[in-house]
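Me: I would like to go through this structure by asking what each label rests on. Please show it to me.

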Amino acid sequence: MTTTVFNGRNVRSILDECEAALKPIAEKHGLTLDRKGRTYRPDALPVMFQFLIKQLDANGNEMDSRAKDFIKYAASYGLKESDFLAEFHSNGEVFRIVGFKPKARKYPVLAEKVRDGKTYKFPAERVKLLLAQAKAA
């Protein structure tokens with residue numbers, strides 16, 4: 001099948017295939033494979049993966065660069081390190097915290113919509129409120 005234009009569906013498929021091809025190399029060398037961004041144009045798909053030295057969190061889980069960034073910046077925004085991957089509800093959807101974008105001052109918290117995996121930006125104060133509501137439920 002020949003790709004004539006990049007779109008959301010084939011981009012995800014291509015990146016998944018790239019990740020699957022690189023994963024055995026990472027495993028062979030005891031490294032973490034980290035996939036970066038998905039900005040593309042109809043005629044170009046920049047692909048970036050990083051091999052990282054494995055780091056484990058307090059629970060023994062492997063951390064990628066997003067996890068490391070979250071831990072680095074969480075306290076600055078009034079969040080806890082343990083809020084990484086925590087889920088909350090917003091506008092009838094479930095989101096999971098997946099990182100920080102500290103240069104985005106108004107919307108620094110990155111959260112993935114659980115239903116489709118798309119990443120959205122949220123204000124830190126709103127996320128704190130939504131997490132508190134989720135924990136109280």
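Reply: Start with pairing: two strands pair if DSSP finds at least two bridges between them. Helices (H or I, at least four residues) and strands (E, at least two) are DSSP runs, numbered from the N terminus. The model is predicted: local features need pLDDT of at least 70, side-chain atom pairs count only at pLDDT 80 or more, and totals for chains, interfaces and linings use all residues. Residues are numbered from 1 along each chain as its sequence is written, and side-chain values use heavy atoms, with hydrogens and water left out.

Me: Which elements does the protein have, and in what order do they run?
Reply: There are 3 helices and 6 strands. From the N terminus on, they run α-β-β-α-β-β-β-β-α.

Me: What makes the sheet open?
Reply: 4 strands form an open sheet in the order β3-β4-β5-β6, with antiparallel pairing. Its edge strands are β3 (87-90) and β6 (119-122), and each pairs on one side only. The twist averages 45° from one strand to the next.

Me: How do you know that β3 pairs with β4?
Reply: Pairing needs at least two bridges. 4 bridges join β3 to β4 (residues 93-100), so the two count as paired. They run antiparallel. S90 stands opposite E93 in β4.

Me: Which strands does helix α2 touch?
Reply: Helix α2 (residues 65-73) packs on the sheet and touches β4, β5 (109-113) and β6. Contact means heavy atoms within 4.5 Å. The direction of α2 makes about 80° with that of β4. Axes are lines fitted to C-alpha atoms, for helices over the stretch in contact, and angles run from 0 to 180 degrees between N-to-C directions. Helix α3 (residues 124-136) also packs on the sheet, touching β3, β4, β5 and β6. The direction of α3 makes about 105° with that of β3.

Me: How does the span of α1 compare with the one expected?
Reply: Helix α1 (residues 8-28) has 21 residues.

Me: Where is the kink in α1?
Reply: A kink of about 30° lies at L22, shortly before the proline P24. The bend at a residue is the angle between axes fitted to the seven residues ending there and the seven starting there.

Me: Why is L22 called partly exposed?
Reply: Buried means under 20% relative accessible area, exposed over 50%, and partly exposed in between (1.4 Å probe, protein chains only). L22 has 24%, so it counts as partly exposed. Leaving aside neighbours within four places in sequence, L22 is in contact with L33, F49 and F51.

Me: Why is N10 called buried?
Reply: N10 has a relative accessible area of 15%, so it falls under the limit for buried.

Me: What makes N10 and V5 a polar contact?
Reply: A polar contact is a pair of N or O atoms within 3.5 Å; within protein, one must be able to donate a hydrogen and the other to accept it, and residues adjacent in sequence count only if both atoms are side-chain atoms. The backbone oxygen of V5 lies 2.8 Å from a polar atom of the N10 side chain. The backbone nitrogen of N7 also lies 2.8 Å from a polar atom of that side chain.

Notes: The expected span of a helix is 1.5 Å times one less than its number of residues.
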